[in-house]
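Please keep the sequence and the coordinates open while reading.

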Amino acid sequence: QVYLRESGGGSVQPGGSARLSCAASADFLCLGWWRQAPTKERERVATLRRDGRTNVADSVKGRFTISYDNTTDTLNLEMSGLKPEDTAMYYCAADPNCLVPYQFWGQGTQVTVSS
């Protein structure tokens, strides 16, 4: 059974840090994080190919880092310098062939940045 299980997130103060993790049940070529805030469209945050190539949205570049742990098959998103506008539901997604839109999606984890 294919699954993507996110963890992490929660409430963070502005300027703070958080880490999101996504446990993948299969060997996907492409994985990534998307987010969606209330009343806004879903936004790509960062994607990663298993050959090491990453792509990070301009809105989070320099603050967010995407990585993959091969020993645990876990996709991670390290977030720092968090801003209130980073508040959203964050989704992990993956595709075995890097086709867009990605085929498999997690349930999402909420990140709220406020003081």
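Which cysteine forms a disulfide with Cys30, and how far apart are their sulfur atoms? Cys30 is bonded to Cys98, with the two sulfur atoms 1.8 Å apart, where a disulfide is taken to be a pair of cysteine sulfur atoms within 2.5 Å.

The model is a predicted one, in which local features need pLDDT of at least 70 and side-chain atom pairs count only at pLDDT 80 or more, while totals for chains, interfaces and linings use all residues. Residues are numbered from 1 along each chain as its sequence is written, and side-chain values use heavy atoms, with hydrogens and water left out.

**Disulfides**

| Disulfide | S to S distance | Torsion about S-S |
|---|---|---|
| Cys22 and Cys92 | 2.0 Å | about -75° |
| Cys30 and Cys98 | 1.8 Å | 85° |

The torsion of about -75° makes the link of Cys22 and Cys92 left-handed. Because Cys22 lies in strand β3 (residues 18-24) and Cys92 in strand β9 (residues 88-95), this pair ties together parts that are 70 residues apart in sequence. Cys22 and Cys92 are both buried, a term that stands for under 20% relative accessible area, with exposed meaning over 50% and partly exposed in between (1.4 Å probe, protein chains only).

The link of Cys30 and Cys98, by its torsion of 85°, is right-handed.

**Fold and surface**

The protein has 11 strands and zero helices, both being DSSP runs numbered from the N terminus (helices H or I, at least four residues; strands E, at least two). Its radius of gyration is 13 Å, close to the 13 Å given by the globule rule for 115 residues, so the protein is as compact as a globular protein of that length; the radius is taken over C-alpha atoms, and the rule is 2.2 Å times the number of residues to the power 0.38. The C-alpha trace spans about 40 × 25 × 25 Å along its principal axes.

Of the 115 residues, 41% are buried. Among contacts (heavy atoms within 4.5 Å) with a separation of 6 or more, 52% are between residues 24 or more positions apart.
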